[in-house]
Amino acid sequence: MFKNFLKVALRNLWKNKAFSAINIAGLSVGLAVCLLIVLYVKDELSYDRYNTQSENIYRIDADIYFNGTQFISAASPAPLVPTLMKDYPQIVQYTRLRNFGDILVRKDNQNIQNHNAIFADSTFFQVFSIPMIKGNRLTALNEPNSIVIDETTARKYFNSTDVVGKTLYVDNSVNCKITGVIIDIPPQSHFHFSFIRPMHDTYHDDQGDWLSNNYASFVLVRPGVTKASLQKAVDATINNYLVKQLDQVLHMNANELKHSSNHFIYPVMPLTDIHLRSNKSYEFEANGNITYVYIFSIIAIFILLIAFVNFMNLSTARSANRAKEVGIRKVAGSLRSNLITQFLTESVLTSFFSLVIAIGIAALLLPLFNQLAGKQMSVWTLFSTWLLPVLVALIIVVGCIAGSYPAFYLSSFQPVQVLKGSIAKGFKSSWLRSGLVVFQFFIPISLIIGTIVIYNQLTYIRSREIGYNRDQVFVINNTYALDKNIKTFRQDMLKISGVQSAAIAGNLPVETSYSQNGWFKDPTLDAKQVIIMTDFNADQNYIPTLGMRMVAGRNFSTDFPTDSSAVIINETAAKLIGFKNPLAETLYRPSGYASNGGFASKPFRIIGVVKDFNFNSMHDKVGPLIIELSENYGRIAMRINTKNIPALISEVEKKWNSMGPGQPFSYTFLDADFNKIYNADQRTGKLFITFAIFAIFIACLGLFGLVTYAAEQRIKEIGVRKVLGASVGEIVAMISKDFIKLVLIAFLIAFPVAWLMMNKWLQSFAYRINISWWVFALAGLLILAIALITVSFQAIKAAMANPTTSLRSE
């Protein structure tokens, strides 16, 4: 019996090829897009879960608010986690990480620049379960001048992973013995390290300093220990140790701190939350955003609903044509149960065809989607998880729902009524079908509005006055490798044609993290007078090279030897400090310990105020900044004016190789680094556009099918109207007006919803656009034009048909 049902189902699908193609195509594309988004969301939610004890690992961050400035960081004091483990038995183990940055490794008498190097406690592999290919994970970081490398690095330098006991010459200074080789850290990790050195090998005079936050600190707790109980232990430790040191050094006791608006909070962050819920200073890498996961999950659900609505709409509309078939089958002796099974089989079979095609479409589109989303996902993930069984079950449910109208409603008709023609046929407008069409267009309209708003915001970021000129700035990295030759090298750069100016820079306004320190208004280092400010280090050429503007005072100058103890502040710092005339004032910074147990102070004269410039993302307001004079930092920024950039780079590289033989030459452009800050936002915009296109395609495909069917059902009416003198335009308007009304209703619903969603997204930017009325007008006109083209194409075809063809049987 089932074989017969299957044969009849396939025959009906083939008989109505156009209808079947539209139905299957809409559902396939919707399922394919949904699969891609599910893969993306699954990938985002899987970060750091490769660790076998990921649910029991926490990072301790810093949230410090002091005298009007806030410092939120992924780093904490050196003694915090060792003290926690000593005082609280629920802590099983801890480890601290300190960013190493770039590392130079010698190979064949050439230094090769590598990224992703870290200093770590010897307990690193007891907290993180990264498999070790060679070496002992318990002792690999015990010895000074040892190093653990990943598999790719081992093959890069030795063409083998059997390298334990061999050495790497690092940073022109030390031979490091390889004590372990780990697998490459999985892509789904919030950090990726190729080189791990023991904490012994870095600066460690801050092990008793509770007021400096220099370490990413992780703890492994016993199973069952909650985030709340760990937070309670951290808070108690801060009160017992940090606050006491604050009183000793800065003369602010616990009671004064409690009754002020200031706070020292060290929140605990579950390891599995870091990637999506943490975008703080001193993150190892740019993290994701849980908001985007929510947005894309909602988009996936809506696109899937559009596809399902499409499928059900077309199925129910088409089913009325089969009323006579039902009557004849009943007269021939068919049972109602057989009719129900037949209709459900056809619907579910169509759904399964769609699923198979959807997997193929998803596989074809995945490389492009990976490029857009910055991922390394595989379609085979579908076959190794719970997803495929869920999709199959979902397809069965949708198939049954779509087939339920003909299966249960039509099969209940009395054959006499059907064969007499008393059952109404045709495309009769119903509130349910109309509502489904409105829903189909509500989603793409909302997505188009979102896409336009994102595009406008990103354009605003690129065009907004940011306080410096990022165009035509060529940056040479790692100039510390030139050591004492850095000033000579800078002078040589000025001799190259096309170089207008050059500056030695410790910091550039395109970084994700900066050093922040406390500066005081008096030499007693009274905590009530401290201001936490971002510190930049640069020479006297920095401000003019980057096109910054002084609003008061002067720039650093070689004509003033005392500028070595001078500073320049920005407008925000000047307002926050509160000096009436900042140019006549002095700021103080801690400098070593005094005989009374507190800090000694070092004075710095304020010689100028620079106009505020954005040194953080546009998501944040400009904070207080202080610039110190220095000529010994690791970058040179050059303002250039030439069309032949390759020739300029070649000249710079030749000079570099002559002054630093064997040292790697690395460069970038300031505007490119600026754009990298907004990579995540730009990817989001591209994904929005992609999803909007697919949503429009699916909605229009369904609309095309419904118009086709409506024209087919009204073909005799159209013939009569043409015979009576109706023009093509009148007939097109007659067929189109009902559908266009539904699209206009979708506008009215989509506009306020889209405004609320995008306004909330814009709140994450400190500097943002206002959503203008023309955004809604443009989105509305675009969708209306697409809907009109879709409807008119089939309507015109029906209106131009020869009326004798449709009326000859009358």
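Of the 810 residues of the protein, 52% count as buried, buried meaning under 20% relative accessible area, exposed over 50% and partly exposed in between, with a 1.4 Å probe and protein chains only. This is a predicted model, in which local features need pLDDT of at least 70 and side-chain atom pairs count only at pLDDT 80 or more, while totals for chains, interfaces and linings use all residues. Residues are numbered from 1 along each chain as its sequence is written, and side-chain values use heavy atoms, with hydrogens and water left out. The protein has 24 helices and 24 strands, taken as DSSP runs (helices H or I of at least four residues, strands E of at least two) and numbered from the N terminus.

**Nonpolar cores**

- The largest nonpolar core holds 128 residues, of which Phe 296, Phe 441, Tyr 542 and Phe 691 touch the most other members; a nonpolar core is a set of buried Ala, Val, Leu, Ile, Met, Phe, Trp, Tyr and Cys residues joined through side-chain atoms within 4.5 Å.
- Helix α22 (residues 728-762) contributes the largest share of this core, with 15 residues.
- Apart from this core lies another, of 36 residues, and Ile 60, Val 81, Trp 210 and Val 249 are among them.
- Leaving aside residues up to four places away in sequence, Phe 296 touches Ile 37, Tyr 40, Thr 684, Leu 687, Phe 688 and Phe 691, a contact meaning heavy atoms within 4.5 Å.

**Strand pairing**

- Strands β3, β2 and β12 form an open sheet in the order β3-β2-β12, with antiparallel pairing, where two strands pair if DSSP finds at least two bridges between them.
- The edges of this sheet are β3 (69-73) and β12 (263-265), each of which has a single partner strand, so one side of each is left without a neighbour in the sheet.
- Strand β2 (residues 62-66) pairs with β3 in the antiparallel sense over 5 bridges, and Asp 63 has Ile 72 of β3 as its bridge partner.
- Strand β17 (residues 530-538) is mostly covered, since 9 of its 9 residues are buried.
- On the antiparallel side, 5 bridges join β17 to strand β16 (residues 516-520), and Gln 516 has Thr 534 of β17 as its bridge partner.
- In the parallel sense, β17 pairs with strand β22 (residues 625-629) over 5 bridges, and Asp 535 has Ile 626 of β22 as its bridge partner.

**Helix α6**

- Helix α6 (residues 227-250) bends by about 35° at Ile 238, the bend being the angle between axes fitted to the seven residues ending there and the seven starting there.
- The buried residues of α6 include Gln 231, Thr 237, Ile 238, Gln 245 and Val 249.
- Just after α6, His 251 takes a positive phi of about 60°.

- Ser 351 is found in helix α11 (residues 336-373) and counts as buried because its relative accessibility is 0%.
- Not counting residues up to four places away in sequence, Ser 351 touches Leu 27, Phe 311, Ile 395 and Gly 399.
- His 275 lies in helix α8 (residues 274-277) and, at 6% relative accessibility, also counts as buried.
- The C-alpha atoms of His 275 and Gly 288 are separated by 5.5 Å, although these residues are 13 residues apart along the chain.
- With residues up to four places away in sequence not counted, His 275 touches Glu 44, Tyr 47, Asn 287, Gly 288 and Asn 289.
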